[in-house]
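Student: I have a protein chain open beside its sequence, and I would like to learn how to read it one step at a time. Could we go through it together, with questions and answers?

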Amino acid sequence: MSTIYNPFRDMDRVFNQLARTAAAEARTMPMDLYRDGDQFIVKVDLPGVSPESIDIDVDDRTLSIRAERVSDEVRSGDENQGWVSRERSYGSYARQLTLGQGLNLAEITADYNDGVLTLVIPVAEEAKPRKVKVSQGKVAGEVDAGGEVKLGSEVKVGSEIEADHETPIQN
């Protein structure tokens, strides 16, 4: 039986091997990010990673996620043992997110379940939309005997914040 010569078969095999090697070296962490009301949800795929190897840090406005997937041990000294195909990537993984203003970085939570790391990043109270209450008939400032205008001692914004001092305004 004769074999049909295909000059592209070897090139195709080499190309596929290089593509698999490049994919293994990339070590990506696929991620979804969405907003759900007053919080942002980050979901990162980390299958086969031990929860103890996951490290999450927040430095200034940068959130860093690091994890490691350990390779399975297969002895190759025996002819009946050894890799037949090895396509999964192993080693250290890292991803960084730059966080914007208006997030409560002190209240970030993380949960790892079924190979998915879920981070919940709440929106800070000061960044949430709110209504400003409008009052009628209140004097914004008073003029004292010396002719100085002083701001009123009561200021109402949103949840009724009171000023604890008066500020003189010079004419």
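**Reading the strands, the core and the turns**

Tutor: Let us start with one residue of this predicted model: Pro122 touches Asp38, Gln39, Leu103, Asn104, Glu107 and Ile108, where residues up to four places away in sequence are not counted.

Student: In which strand is Pro122 found, and is Pro122 buried or exposed?

Tutor: For the second part we need a cut-off, since a residue counts as buried under 20% relative accessible area. Pro122 has a relative accessible area of 17%, so Pro122 falls under that limit and is buried. As for its place in the chain, Pro122 is found in strand β7.

Student: How far apart in space are Pro122 and Gly102, C-alpha to C-alpha?

Tutor: Along the sequence, Pro122 and Gly102 are separated by 20 residues.

Student: Which residues have the most contacts inside the largest nonpolar core?

Tutor: The largest nonpolar core has 17 residues, and β2 (39-45), β4 (62-69), β5 (91-98) and β7 (116-122) each supply at least two residues of this core. Leu46, for its part, touches Met29, Ile54, Ala67, Tyr112, Gly115 and Leu117, again without residues up to four places away in sequence. The residues with the most contacts inside the core are Val44, Leu46 and Ile65.

Student: Which strands are the edge strands of the open sheet of three strands?

Tutor: The order of the strands in this open sheet is β3-β4-β5, and their pairing is antiparallel. An edge strand pairs on one side only, and the twist from one strand to the next averages 15°. The edge strands are β3 (55-59) and β5.

Student: Over how many bridges do β3 and β4 pair?

Tutor: Strands of a sheet pair through backbone hydrogen bonds, and they may do so in a parallel or an antiparallel way. Within this pair, Ile56 stands opposite Ile65 in β4, while Val58 stands opposite Leu63 in β4. The sense of the pairing between β3 and β4 is antiparallel, and the number of bridges is five.

Student: What is the phi of Asp60, in the hairpin of β3 and β4?

Tutor: Most residues other than glycine have a negative phi. Asp60, which is found in the loop between β3 and β4, counts as exposed because its relative accessibility is 65%. The hairpin has two residues between the strands, and Asp60 takes a positive phi there, near 60°.

Student: Where is Asp114, and what is its phi?

Tutor: Asp114 lies in the loop between β6 (109-113) and β7. Asp114 is exposed, with a relative accessible area of 73%. Its phi is again a positive value in a residue other than glycine, near 55°.

Technical notes
Residues are numbered from 1 along each chain as its sequence is written. This is a predicted model: local features need pLDDT of at least 70, side-chain atom pairs count only at pLDDT 80 or more; totals for chains, interfaces and linings use all residues. Side-chain values use heavy atoms; hydrogens and water are left out. A nonpolar core is a set of buried Ala, Val, Leu, Ile, Met, Phe, Trp, Tyr and Cys residues joined through side-chain atoms within 4.5 Å. Buried means under 20% relative accessible area, exposed over 50%, partly exposed in between (1.4 Å probe, protein chains only). Helices (H or I, at least four residues) and strands (E, at least two) are DSSP runs, numbered from the N terminus. Contact means heavy atoms within 4.5 Å. Two strands pair if DSSP finds at least two bridges between them. Axes are lines fitted to C-alpha atoms, for helices over the stretch in contact, and angles run from 0 to 180 degrees between N-to-C directions.
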